[in-house]
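User: Please take one part of this model, the open sheet, and go through it closely. In what order do the strands of the sheet stand?

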Amino acid sequence: MTMREMVDQLNKWAYEYYVLDAPTVADTQYDALYDQLSAMEKSTGVVLEDSPTKRVGGEPLKVFLPHKHIKRLYSLDKVQSFNELEEWINKVISVVGPTVFTVELKYDGLTINCTYSNGKFLGASTRGNGIEGEDVTAQVLTVKSVPLSIDFDGFAEIQGEGIMRLSALEAYNRKHPDEPLKNARNAAAGAIRNLDPAVTAERNLDVVFYSTGYTEGMTVGSQTELVQFLKNNRFKTNFVFEEASDFPSVKAVIEKIAEQRGSYDFLIDGVVIKVNDYATRELLGYTDKFPKWAVAYKFDAEQVMTRLEEVRWQVGRTGKLTPIGVLSPVDLCGATISRATLNNMGDIRRKKLKVNADVFIRRSNDVIPEVLGLAQDYSDSMEIEKPDRCPSCGSKLVERGANLYCPDSLHCLTQIVGRIDHYCTKSACNIEGLSEKTVRAMVEKLNVSSPADLYDLTAEDLSRLDGFKDKKISNVLKSIEASKSVSLAGLIYALGIDNIGTVTARDLARTFRSLENLKKADVATLSAIDQIGDVVAQGIVDYFADKENLMALDKLAAHGINPVYSENVNTGGVFSGKKVVLTGSLKKYTRSEAGKIIESLGGQLSSSVTSTVNLVVAGEAAGSKLDKARQLGIEVIDEDTFISLISK
Ligand SMILES: [Zn+2]
């Protein structure tokens with residue numbers, strides 16, 4: 001075999017192994033030929049440009065050299081909701097007429113720009129600011145799925161995302177148990193931007209290619225043709241590539257991806273939607289930052305993999321049992337996570353979760369992390385058993401739908417404590433100074449069994465609890481008394497009806513104006529309210545059909561707690577009579593906080609911009625809603641103006 005033949009043979013085998021995932025020879029056979037080639041290179045002093053021996057990485061660099069891209073690498077505009085995506089797609093169609101969109105995964109890694117000339121790999125750089133990046137040729141050379149030679153012989157810039165597969169991360173961590181890598185994205189980015197190529201080599205990265213910048217003399221007319229070009233030249237391409245012609249079909253692809261995402265061997269943080277046809281792209285053009293013919297739909301959560309060590313069943317205030325996964329601590333969105341919900345038994349079965357197995361978890365904005373799915377199980381992994389009895393009171397559990405319930409709501413201590421604790425929370429009746437532990441002591445020592453019993457407590461009763469001295473007793477009694485003036489929305493939320501959060505409670509209060517009216521509402525009336533579905537509506541009807549609940553409400557009313565809805569507090573507010581939309585992110589407030597402020601000052605919140613909206617509060621990175629508001633000539637204010645308005 002000549003040296004040329006050896007290099008070609010080894011590169012072909014590597015391509016089959018690393019790109020196609022379909023090896024045709026055993027590792028030993030590859031290694032033997034590789035050794036033979038190395039020896040020949042040593043004895044002759046000749047190393048071909050695309051020899052696989054170049055992949056070992058070489059000496060650590062002192063510094064990264066700058067690299068100017070021939071064509072600018074644009075980043076993509078983002079949409080965060082299906083509403084925004086629909087607006088974007090319809091806007092494109094309104095400009096260019098019916099057109100085909102492509103849907104691809106948005107890999108979560110580091111963007112790499114590779115250059116080729118005369119069919120050979122010339123170098124690689126990071127994206128940097130889009131115009132100039134850092135030269136990472138030595139690092140990217142170690143990535144075995146990046147071809148060293150291609151058939152296309154013009155000068156070309158070809159772009160992809162450098163990633164670390166989750167299985168590679170796991171294999172790496174098995175080898176380095178004392179210094180495990182926590183997150184595949186950071187592991188990939190850190191490996192490419194590491195001055196020592198040996199570190200990059202050890203992480204076993206991949207580059208998935210999806211775009212070209214400059215390509216000398218090449219004519220492809222669409223993304224579909226481009227992907228074929230990349231495949232023909234032995235590049236690893238996107239795992240998902242679909243075409244769709246309107247919003248519903250794009251959405252269907254995204255939903256499928258979201259569902260399968262947990263089973264991928266790599267992290268994605270969204271989906272990229274592009275106009276397929278290049279000539280149509282030219283019609284749409286660019287803003288100063290983004291192409292107008294592509295957009296990234298970002299998933300709202302990050303996911304990581306960790307070990308599920310144990311499952312504990314927690315009884316909630318409604319009697320519902322929630323399986324809580326105890327995890328090997330892992331970093332997610334900047335926080336260390338050691339517990340996550342597994343939702344319910346149905347979910348555990350559907351996701352095939354096991355104890356002593358690796359699972360994916362994710363966290364949305366302020367929701368408790370959730371176990372998404374099984375990543376990998378082992379010979380010592382165990383099935384998760386369905387509990388038979390309530391861990392709090394020992395009652396035999398009942399199944400309702402996918403969930404298990406403790407049926408003994410009157411005697412189950414954890415349920416009672418949970419209900420009273422919930423009643424006292426800030427958004428409910430706001431009774432201060434009662435920790436869960438105190439509530440538990442009240443239930444155990446003072447015969448408190450429902451929120452209404454709180455109003456019978458005397459100073460003498462409280463003095464029997466640990467840590468209750470004069471000052472604290474008087475404060476708690478004052479706080480209990482003050483809670484009698486709770487708003488109707490606060491009380492509805494305080495009751496702890498299944499699926500009723502603060503927002504729904506406010507909607508119900510606004511619609512029904514008194515508990516008496518709410519009690520009489522039927523499923524049809526309730527589910528006619530925006531955001532209330534049949535399940536939620538049925539939960540409300542069931543709640544008020546329960547004799548125990550009605551007795552508890554009578555008891556509260558006897559203590560003077562029977563608020564009616566009042567709008568009077570709002571009419572003088574700065575937003576009174578205005579329909580307000582919040583968009584983008586504010587620095588000082590979360591959306592929910594800002595929403596509460598707007599409502600407390602008389603405003604009515606709306607989630608979409610229509611001609612009936614009076615005001616748009618736009619934070620940073622406000623997207624299509626802001627554009628629409630401007631189109632419709634609606635008043636737009638920024639965060640500073642918002643703050644000055646509310647502090648008047
Ligand atoms: Zn129980």
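Analyst: What follows goes through the sheet from its strand order to the helices lying across it. This is a predicted model, in which local features need pLDDT of at least 70 and side-chain atom pairs count only at pLDDT 80 or more, while totals for chains, interfaces and linings use all residues. Residues are numbered from 1 along each chain as its sequence is written, and side-chain values use heavy atoms, without hydrogens or water.

The sheet is open and has five strands in the order β2-β11-β10-β3-β9, with mixed pairing. Strands (E, at least two residues) and helices (H or I, at least four) are DSSP runs numbered from the N terminus, and two strands pair if DSSP finds at least two bridges between them. The edges are formed by β2 (77–79) and β9 (241–244); each has a single partner strand, so one side of each lacks a neighbour in the sheet. From one strand to the next, the twist averages 30 degrees, with axes fitted to C-alpha atoms (for helices, over the stretch in contact) and angles running from 0 to 180 degrees between N-to-C directions.

Within the sheet, β3 (residues 101–107) and β10 (residues 268–275) run antiparallel and are joined by seven bridges. Phe-101 has Val-275 in β10 as its bridge partner.

Helix α3 (residues 82–96) lies across β2, β3, β10 and β11 (294–298), and runs at about 170 degrees to β11. Helix α9 (residues 247–260) lies across β3, β9, β10 and β11, and runs at about 25 degrees to β3.

Note on methods:
Contact means heavy atoms within 4.5 Å.
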